[in-house]
Amino acid sequence: MKNRVSFVLLSILLWSLLILSPVGANDANDVSHAGDVNDHVDCDVLVVGGSGTGATAAIQSARLGVRTILLEISHKMGGTNVTAGVTSIHVFGAWNHQIIGGIPWEIMEDLVSLGGARLPDLSVSYGRSQGKAAVNVQPDLYSIVLEDKCLAAGVELRYFEAPSSVKALQDDSGYHWQVITSAMGKLRQIRCREMIDCTGNGTLCAMAGAQRMKDEKDQQPGTFSYHVSHRINPDKLSKDQRAVIQKRYEEALENGTLQWGDARQGIFVSLKSTANNYIFKADNSTAELRSKTNTRGRQSALRMLKFIRSLPGGEDARLMSACEEVGIRETWRVKGEYVITIDDCIGGTKWADSIAYCFYPVDPHVEGPTAPGHLKTGVIPTIPFRALVPKGIDHLQVAGRCISSDHLANSSFRVQATCMAGAQATGAAAALAVRHKTTPLKLDMEELKSTLRTYKAIIP
Ligand SMILES: Cc1cc2nc3c(=O)[nH]c(=O)nc-3n(C[C@H](O)[C@H](O)[C@H](O)COP(=O)(O)OP(=O)(O)OC[C@H]3O[C@@H](n4cnc5c(N)ncnc54)[C@H](O)[C@@H]3O)c2cc1C
């Protein structure tokens, strides 16, 4: 009996030592060291960035049967639409017909079937009211539908993961790129044959050695969308009440309580919608700039909230909601094999390699009241495939707001339906390039166009 008790006590002691020993703890916690690559994955097409742009590119690529991975640095799909409240997807129709179909339109139809959007009648000419040819989406559902459609197509989704280095491979492995990604403290190596940059900033292109362009002076401001509820109804104010508020507003601008841009169209417009702000030099192309931009957006909201609470009738004003991020209109543009110019845009140039339409005014959000440059009746600009291919770099494409275009043309081409239409072309081109062991630029354009038509894309 005494021996049995001693044996049990000894066993307990040994197990405790094993469980508490540093070696056991290290194994259980999977300890790695700075610079260790913990995982190796190969794929055909790597898409970086998961807005509607990245989702469309990845869905198209995967549907053509090639292994496709999509990296998204944040926690969900949707990009600016979802994080900055830009829920109106412009523009699917021009004059009196549909100009963007394919996967982007299919996504809209899915949203409609789930009660998350309504489709416009595109057989009607809305003239300069192009917003009527846009689709307003419920952003949370949009994010979920994008994710669902990626999964259904077989896209491997990796959130919280971003490239930290990109290297061109010159071996005989058949892979053209080695990308080291960082995913919450883990480093992963991804070898791929084709890459599509859907980061909005051309970040992947820059890492791969492509040239980018930026207009520091004229860079469009961003906007931080938030909603303050209060009891002041600008339409019901007397002349005297308006004069008091206007004076207080001007004093606030003078003494720095408010800054120009906090209420970009004047205080009375902002009392109706606080989203009427400009965040100047808004930029999310590096972690530092993105941090500063978002901080400045929130500071602007705070100034407005305090100001409204200081007005007669605004004492109980409340912040009801605020978007996750400042919406960014413009940062870098990738320099491509062709740079779309403002003359191409307003002239509606059509090239042999035009793969999608775009329809939106030239809208550079200059300081002061904006004067949108409407397109002349009947004009519908197009995107040449070469504007999606970074100059001099093979096996790499770009889609989204940073496609190869000059500053003014870009202010028209940056809208979401256009971003998605171009993205569908990059997804198809990447998959075809893998299939034919060639580069996107060397593809037969007629094959690319007919492949896109199979997926109901509308080609100029
Ligand atoms: C205030 C405002 C109002 C606008 N109004 C309209 C409008 O009414 N209608 C319209 O159609 N357009 C509008 N636009 C323009 C439009 O919203 C954008 O141009 C468009 O959404 C850009 O899409 P994108 O895919 O290029 O970039 P984004 O939407 O920025 O998507 C990029 C994605 O890539 C991810 N990402 C970035 N870097 C990395 C990385 N290194 N690794 C992994 N993932 C990364 C991001 O997290 C994001 O999900 C507006 C823009 C703003 C700012």
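This report walks through a predicted model of one protein chain, from its overall form to a few single residues.

**The chain as a whole**

Let's begin with the big picture. The chain has 460 residues, and 52% of them count as buried. Its secondary structure consists of 14 helices and 17 strands. Taken along the principal axes, a box of roughly 100 × 65 × 45 Å holds the C-alpha atoms. If you consider contacts between residues at least 6 apart in sequence, 72% of them join residues at least 24 apart.

**The nonpolar cores**

In soluble globular proteins, nonpolar side chains tend to be buried together. Here, the largest nonpolar core has 78 residues. Which residues have the most contacts inside this core? They are Phe 92, Ile 107, Met 108, Tyr 142, Ile 355 and Leu 448. Helix α13, residues 416-435, gives the core its largest share, eleven residues. Another core, of 24 residues, lies apart from this one, and its members include Leu 237, Ile 245, Ala 282 and Phe 307.

Not counting residues up to four places away in sequence, Ile 355 touches Ile 383, Pro 384, Phe 385, Leu 388, Ala 425, Leu 448, Lys 449, Leu 452, Ile 458, Ile 459 and Pro 460.

**Helix α5 and two of its partners**

Now turn to helix α5, which spans residues 102-113 and packs against α3, residues 52-63.

| Helix pair | Angle between axes | Axis separation |
|---|---|---|
| α3 and α5 | about 110 degrees | 9 Å |
| α5 and α13 | roughly 125 degrees | within 7 Å |

With an angle of about 110 degrees, α3 and α5 are therefore roughly perpendicular to each other. On the α3 side, the contact is made by Thr 56, Ile 59, Gln 60 and Arg 63, while α5 contributes Ile 103, Pro 104, Glu 106 and Ile 107. These residues divide into four nonpolar, two polar and two charged.

The axes of α5 and α13 cross at roughly 125 degrees, and that makes α5 oblique to α13. In this contact, Gly 102, Ile 103, Pro 104, Ile 107 and Met 108 of α5 meet Met 420, Ala 421 and Gln 424 of α13.

Leu 441 sits in the loop between α13 and α14. Leaving aside neighbours within four places in sequence, Leu 441 contacts Glu 337, Phe 385, Arg 386 and Val 389. Leu 441 and Glu 337 are 104 residues apart in sequence, yet their C-alpha atoms are 9.1 Å apart in space.

Met 184 is in the loop between β9 and β10 and, at 69% relative accessibility, counts as exposed. Lys 456 lies in the segment after α14 and is exposed, with a relative accessible area of 66%.

Methods. Residues are numbered from 1 along each chain as its sequence is written. This is a predicted model: local features need pLDDT of at least 70, side-chain atom pairs count only at pLDDT 80 or more; totals for chains, interfaces and linings use all residues. Side-chain values use heavy atoms; hydrogens and water are left out. Axes are lines fitted to C-alpha atoms, for helices over the stretch in contact, and angles run from 0 to 180 degrees between N-to-C directions. Helices (H or I, at least four residues) and strands (E, at least two) are DSSP runs, numbered from the N terminus. Angles under 35 degrees count as roughly parallel, over 145 as roughly antiparallel, 65 to 115 as roughly perpendicular and the rest as oblique. Contact means heavy atoms within 4.5 Å. Ala, Val, Leu, Ile, Met, Phe, Trp, Tyr, Cys and Pro count as nonpolar, Asp, Glu, Lys and Arg as charged, and the others, Gly among them, as polar. A nonpolar core is a set of buried Ala, Val, Leu, Ile, Met, Phe, Trp, Tyr and Cys residues joined through side-chain atoms within 4.5 Å. Buried means under 20% relative accessible area, exposed over 50%, partly exposed in between (1.4 Å probe, protein chains only).
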